[in-house]
Amino acid sequence: MNRYVKTALLAGAAWSALSTFAVAQEAPQDGVSALDDVVVSARRRDELLKDVPISVSAIGAERLEQTGAADITALQQQTPNATVQVARGSNSTLISFIRGVGQQDPLWGFEPGVGLYVDDVYVARPQGAVLDIYDVQRIEVLRGPQGSLYGRNTVGGAVKYVTNSLSNDPELTLRGAYGSYNQIDLMAAGSLPLADNFRVGGAIASYQRDGYGTNVNTGAEHYNKDVLAGRVSAEWEPRSDMSIRLAYDRVQDDSNPRHGHREVAGATPAGAVRPSVYDTNAGVGDVNSVMTQGASATVRLELNDNWTFKSITAWRDGETDTVIDFDNTPAPTLDIPAFYADDQFTQEFQFLFDFDRIQGVAGFFYLDGHAEGAFDTILGNAGIVIGTAGQVDTESWAGFADINFDLTDRLHLGLGMRYTLDEKRGTVFRANYLGAVRSPLLGGTVRAPLLVRTNYTNSKDFTQFTPRIALSYDLTDDMTTYVSYSQGFKSGGFDMRGDAVFTPNTVNGYNPETVDSYEIGLKGALDRLTFAASVFYNEYQDQQVTTQVPAVGGIASFVDNVGSSTFYGAEFEGQLRILDNLSANFAVGYLHSDFEEFLRYNLTLARFEDISNQVVLQNAPEWTGYLGFTWIGDVAGGALAVTPSVSYRGDYSQFEFPNPILDQKAYSLVDLSIVWTDPTDRFTLGLYGKNLTDEAYRVGGYNFPGALFDNSVIGYYGPPQTVTASLQVKF
């Protein structure tokens with residue numbers, strides 16, 4: 001039987017069974033369901049999770065604490081069909097995919113495929129985006145294209161990091177933790193009301209940890225952590241119908257660079273494969289610095305009983321100085337020192353409205369962004385360095401609306417639309433310099449280029465209309481089903497690595513990519529079970545892929561619109577209350593993907609060829625899963641929560657081209673958290689065990705085989721087994 005027919009029949013059977021059971025359970029036996037308490041802002045307005053016709057995972061502060069989530073990469077374990085990882089070579093650069101769509105290339109000028117928002121402020125660049133979890137209210141993961149409300153660069157979905165509002169009462173929370181590898185985490189958060197309608201507050205956190213491994217060449221820590229993060233805010237209600245929130249945040253990451261682990265031996269003893277996957281023998285250096293900061297002002301004004309106006313003004317910037325030693329040896333065989341910088345200004349106006357049977361939001365969004373950088377590819381065996389530098393300026397305008405019509409008391413129609421105009425101007429310079437030392441672009445010896453490979457400035461405009469339509473029906477007061485269609489697009493641009501010698505067409509840039517998504521969903525409560533289920537089918541067009549391949553005299557790198565792919569899947573997540581004091585949280589994701597067309601430039605024949613039968617979708621495991629149990633009981637007069645859990649991630653490829661050396665086989669992570677809170681809710685003790693089976697698993701890699709690069713095939717690994725104890729005190 002055709003697999004699409006099978007999927008449709010299975011989905012129909014599941015929906016029929018669940019829907020029938022839902023009607024039979026019109027009045028839940030055990031009170032209000034958990035979904036009645038979960039409020040999200042997935043549609044830019046506060047709504048109950050069960051009423052939103054979108055696949056959304058909402059993880060609150062309590063759940064994050066129970067599972068010992070340290071940063072947003074913890075979302076990968078608890079969210080179906082999601083990849084949220086630390087990028088290769090960095091401690092704080094984010095790589096994220098949802099349902100197989102995202103961004104693996106964090107280079108300046110290359111757009112992400114999953115949008116990141118901190119309190120409704122769009123974060124355009126992935127550097128410094130591995131947000132540590134402190135003073136957070138909840139995190140929402142919106143799966144599938146969010147083009148109508150969130151716009152460009154949300155083809156895979158969006159992640160919303162929502163911080164705590166300030167309390168009307170004086171508050172102070174202190175938290176300290178000590179764990180494996182001399183981990184020392186310190187956090188303080190508080191708020192102080194200065195008047196009945198004015199509060200100030202903030203939080204500061206320090207994260208220190210020795211390395212999981214060592215640079216055996218220099219003796220420096222490898223995979224260590226040295227992060228200082230903080231935010232301050234003020235909230236003011238000058239009138240009963242008006243509120244103003246000012247906020248500033250900053251992250252400084254001075255962790256050592258990650259040089260990876262050599263997976264294949266080189267030609268010399270220095271290029272041996274190290275016994276520990278966290279060790280390196282790098283010689284390019286151990287200095288790394290990432291700084292990101294931002295400020296925002298959010299104004300909310302209730303115009304009347306039906307209309308509310310909201311303005312979000314924000315500025316962000318960041319700087320990164322880093323080095324990556326691809327060959328993992330003291331020799332400069334394939335060393336990459338780099339510099340990134342970016343800044344952005346965004347302004348969003350929203351008009352929220354709520355009439356008897358019509359609710360929604362309409363507005364305008366503007367972004368003015370600048371990203372620049374430079375990096376050297378130092379090729380010691382060739383006696384040259386390839387210097388690359390460039391910048392891209394972006395201005396983006398968008399108008400949007402999302403309207404919900406209550407056609408009847410139970411039948412609802414949602415219509416969303418957005419029109420986006422992006423204006424981009426890119427400059428790219430790439431040249432060969434004699435001598436295997438830093439180029440003049442990164443402060444090396446001043447010298448004329450041996451060969452200018454790329455040198456151009458070009459401008460392009462991109463426009464896109466992205467619609468959304470959803471029809472939802474309330475089967476009961478606690479159960480909703482929906483069907484939806486949505487489109488998202490990722491902006492086009494210019495390849496900052498583009499080599500005009502190998503690929504002359506690079507000067508023309510690349511076009512946007514789009515995803516059309518069709519989804520059926522069911523969410524609600526059945527007695528002791530609260531859940532959300534969805535089946536989706538996506539069509540991925542003009543897909544942007546970064547390809548780097550060894551070439552004569554260097555590395556050929558290009559970004560192409562390679563063609564199209566289709567993928568479909570299903571997700572099921574929720575919570576089952578087994579006993580009054582025992583519950584299970586679960587998430588299962590299935591994803592199947594196929595490239596229908598993949599056009600790759602043949603350097604020898606100087607033409608594109610369709611090689612779709614040779615490639616796969618990267619970071620797209622067929623199965624992902626999570627199961628965690630939480631038992632809560634009275635111990636020593638307080639509440640003890642014990643949460644064992646296991647997460648599963650199936651086989652997946654690091655790149656579009658399968659590589660048996662780098663690709664990761666299926667693995668599971670076993671965690672255990674024990675948290676005790678005293679009767680006054682003032683003291684909290686926690687003990688958190690992560691990756692208790694000490695699983696070694698790759699989260700990234702680079703592939704540069706051959707004599708010129710000394711077989712530089714390297715992998716990057718997730719954290720080993722760790723145990724952390726914490727104490728939190730509230731005043």
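Predicted model: local features only at pLDDT ≥ 70, side-chain atom pairs only at ≥ 80, totals over all residues.
Residues are numbered from 1 along each chain as its sequence is written, and side-chain values use heavy atoms, with hydrogens and water left out.

I placed I358 in strand β22; strands (E, at least two residues) and helices (H or I, at least four) are DSSP runs, numbered from the N terminus.

I then looked up the nonpolar surface patch that includes I358, and its other members are L303, W307, F349, F351, F355 and F364. Together they have about 570 Å² of accessible area, by the Shrake-Rupley method with a 1.4 Å probe, where for residues only the protein chains shown count as cover. β21 (335-354) and β22 (358-379) are the elements that give two or more residues to this patch.

Next I turned to backbone angles. Most residues other than glycine have a negative phi. N182, which is not a glycine, has a positive phi near 55 degrees. I found N182 in the loop between β11 (171-179) and β12 (183-195), partly exposed at 34% relative accessible area.

A636, also not a glycine, has a positive phi of about 55 degrees. I located A636 in the loop between β34 (623-635) and β35 (638-649). I recorded A636 as exposed because its relative accessibility is 71%.

Definitions and conventions:
Patch = residues over 30% accessible without salt bridge, like charges linked within 9 Å, V, L, I, M, F, W, Y side chains within 5 Å. Salt bridge = Lys/Arg side-chain N within 4 Å of Asp/Glu carboxyl O. Buried < 20%, exposed > 50% of the residue type's maximum accessible area, 1.4 Å probe, protein only.
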